[in-house]
Amino acid sequence: MVQLDLSIALEKNSEGIRAAVFENGRVVSFYFQNDAADLRIGDIFLGRISENRLSQVGWFVDLGEGRSGFLPHNRCTKKHPPEDKDAFILVQVDKEPWNQKEAELTEHVQMKGKNIIYLPYSAYVAGSRRLSEQVRDSLKRAVAAWCADDEGMIVRTSAAKQPLQTLRQEFLELKDQWRSVEKTAFSSTQPRRLFRQLSFLGELLNAHHFPDHCTVLTNFKIAQDEIPEGVSVRHLSEKNLFRSLNIESIYTHAFASKIALESGASLVIDYTEALTTIDVNSGSMKIQKNRDEAIRRINFNAASEIARQLRLRQIGGIVVIDFLRMNHESDRQALLQQLIHETKPDPNHVQVYGFTRVGLVEVTRKRQSWGIQNQVMSMMKNAAQR
């Protein structure tokens, strides 16, 4: 795997923190963390089952201090099933509140480390898809011996570069960390947050598989205990850090619905609550000679830009793409392979399902809670309410 030169810019303003991630000096994704967000992915709570109980669907859970979430039935563990009203349970935020929906909770807790993820209530061992099958199977066999019957583990990509003793030590540290969380829960008498695993910077590094080296540029102070090993931080005084780094215009353009392509065509991106649609538009282009080749060129160019926009805007969930129609099945299959190739470097899992019966391409991408997509949806809703 080629090691990328990763750097992150963090700019704090009155609304929250904007982040830009660079790979080899080129901005590849933007993020935003609202300061008002009090429920974040990975937070662990001692919750209490509230009165609104839907046993076949899930349970509403009181998380304390006016916070609440929803625990779906399929996110419960067999060992710790929810009980009656007012029963206390340990839960983790799986999805942050979004678009007036409650935070989604899970009892399948994950304690994230740099090389492994400890699963105290999930009795299975898995490995990163980015590892070769041989390496993944070898690591899974080695670490499985450390787990008790009700424990599990996920082996991350970086684990392949570490000796087993390092992984073993990390496993024990995460296990001790979890025991401390449990101890705090046992001594608590009210719903409350017990543990926040990662800061916003930590979440960004986690999303990019905790690189060995990373430079962070920031216009605010970061606590020393929030800076992982291998990360160097440079504090800059600029109020508008994005402008000083010449990426303000790129950030602003990422909110636009229309993106021009080099071929002269364009993309039109529309967000809805259920999915994101991307239309490849030939616009005013006049395709006179060799129509099949021209459409193939436009679609391949569009596939590259779509992969870039998925990361740049942190578009998640279901994505439906309307490419220009192609007459030959070989061209359609080549286009799918191009899209798969272009999305492969994405740290978020992207699945290309292929063409639907009506000729649209269906894609899914793991949803992030702090991408531009969510900001655009919030802006649309606020505008509609005015």
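This is a predicted model: local features need pLDDT of at least 70, side-chain atom pairs count only at pLDDT 80 or more; totals for chains, interfaces and linings use all residues.
Q: How far apart are the end C-alpha atoms of helix 6, and what span should its 23 residues have?
A: Helix 6 covers residues 291-313, and at 1.5 Å a residue it should span 33 Å.

Q: Which element gives the most residues to the largest nonpolar core?
A: This core has 28 residues. The elements that give it two or more residues include strand 17, strand 18, helix 6 and strand 19. With seven residues, the top contributor is helix 6.

Q: Which residues does I321 contact, leaving aside neighbours within four places in sequence?
A: In the largest nonpolar core, I321 and F323 touch the most other members. Nonpolar side chains tend to be buried together in soluble globular proteins. With close sequence neighbours within four places set aside, I321 is in contact with I278, V280, I306, L339, L360, V361 and V363.

Q: Is I318 buried, partly exposed or exposed?
A: I318 sits in strand 19, residues 317-322. Buried would need under 20% relative accessible area and exposed over 50%. I318 has 33% relative accessibility, so it counts as partly exposed.

Q: How far apart in space are I318 and R367?
A: Along the sequence, I318 and R367 are 49 residues apart. In space, their C-alpha to C-alpha distance is 9.0 Å.

Methods: Residues are numbered from 1 along each chain as its sequence is written. Side-chain values use heavy atoms; hydrogens and water are left out. Helices (H or I, at least four residues) and strands (E, at least two) are DSSP runs, numbered from the N terminus. The expected span of a helix is 1.5 Å times one less than its number of residues. Buried means under 20% relative accessible area, exposed over 50%, partly exposed in between (1.4 Å probe, protein chains only). A nonpolar core is a set of buried Ala, Val, Leu, Ile, Met, Phe, Trp, Tyr and Cys residues joined through side-chain atoms within 4.5 Å. Contact means heavy atoms within 4.5 Å.
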